[in-house]
Amino acid sequence: MMTVDDMLFEARAMLAIRVAPTEAYDEMERGALLVDIRYLEQRVRDGEIPRAVHIARNEFEWRCDPSSAWRHRMIRKGDYERRIIVICNQGYQSSFAAANLVRMGLRNATDVEGGMENWLQNGLPIRPFEHNKLRKLLHVTAAQIANPQSRPIHGRPR
């Protein structure tokens, strides 16, 4: 039986090198994809990283898999060499997520040590969360309420 600490140690052992927030920022400036998996509440509270892509944790593997029909538009089909850096709030969940990318063949994936908390402590760029996004994120049409089967899951119809 493994503890969560054992699982975290195993996940981090799969990552070539975890990066400090300043290194992540520099790599992003050179073309790396920074994927923010923080919850909405955390993004509202702490702000968002300019040019980072937000992907909800529950969709993360589908959106980052280069072979997936549901991959994010920033993930090129068949591109397993892409540098992907994952950030969460404190640097724990991002380690698990990045390790899953390595398992999927994205060997250049890693995460940010200390997560967003460390990013903020380093004074790196953020922008306030745009509250008008909440309306879009929380908007459910009357038709979707009446017919929940019409709402998409992971970018695909049910």
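Good morning. From the N terminus on, the elements of this protein run α-α-β-α-β-α-β-α-β-α-α-α. That makes 8 helices and 4 strands. Please bear in mind throughout that this is a predicted model. Of the 158 residues, 39% count as buried. Among the contacts with a separation of 6 or more, 67% are made by residues 24 or more positions apart.

Let me turn to the sheet. The 4 strands form an open sheet, its order is S2-S1-S3-S4, and the pairing is parallel. Strand S2, residues 53-54, and strand S4, residues 110-111, each have a single partner strand, so they stand at the edges and one side of each is left without a neighbour in the sheet.

Inside that order, S1 and S3 pair in the parallel sense over 4 bridges. Strand S3, which covers residues 84-87, also pairs with S4, again in the parallel sense, here over 2 bridges. On that side, Ile 85 stands opposite Thr 110 in S4, and the bridge partner of Val 86 in S4 is Asp 111.

What of the side chains of S3? In a regular strand the side chains alternate between the two faces of the sheet. In S3, Ile 84 and Val 86 point one way while Ile 85 and Ile 87 point the other way, and all of them are buried.

Asp 36 lies in strand S1, residues 33-36. Is Asp 36 buried or exposed? Its relative accessible area is 3%, and because buried means under 20%, Asp 36 counts as buried. Its bridge partner in S3 is Ile 87. Leaving aside residues up to four places away in sequence, Asp 36 touches Arg 43, Val 53, His 54, Ile 55 and Ile 87.

Next, helix H5. The buried residues of H5 are Ser 94, Ser 95, Ala 97, Ala 98, Ala 99, Leu 101 and Val 102. Which elements do the buried residues of H5 pack against? They pack against helix H1 (4-14), helix H4 (60-64), S3 and S4. After H5 comes Gly 105, with a positive phi near 105°.

Arg 51 is not a glycine, yet it has a positive phi of about 75°. Arg 51 is placed in the loop between helix H3 (40-46) and S2.

Finally, the pockets. Rolling a probe the size of a water molecule over the atoms shows where empty space is left. The second largest pocket has a volume of about 170 Å³. Which residues line the second largest pocket? The lining consists of Ile 37, Arg 38, Tyr 39, Gln 42, Arg 57, Cys 88, Asn 89, Gln 90, Gly 91, Tyr 92 and Gln 93. By class, these residues divide into 4 nonpolar, 5 polar and 2 charged.

To close, I would return to two points. The open sheet has the order S2-S1-S3-S4 with parallel pairing, and Asp 36 is buried in this predicted model. Thank you for your attention.

Definitions and conventions
Residues are numbered from 1 along each chain as its sequence is written. This is a predicted model: local features need pLDDT of at least 70, side-chain atom pairs count only at pLDDT 80 or more; totals for chains, interfaces and linings use all residues. Side-chain values use heavy atoms; hydrogens and water are left out. Two strands pair if DSSP finds at least two bridges between them. On a 1 Å grid over the protein atoms alone, a cavity is a set of points where a 1.4 Å probe fits but cannot get out, and a pocket is an open set with protein on both sides within 12 Å along at least five of seven lines; lining residues have an atom within 4 Å of a point. Grid points are joined across faces, edges and corners, and a volume is the space filled by probe spheres set on the points. Ala, Val, Leu, Ile, Met, Phe, Trp, Tyr, Cys and Pro count as nonpolar, Asp, Glu, Lys and Arg as charged, and the others, Gly among them, as polar. Buried means under 20% relative accessible area, exposed over 50%, partly exposed in between (1.4 Å probe, protein chains only). Contact means heavy atoms within 4.5 Å.
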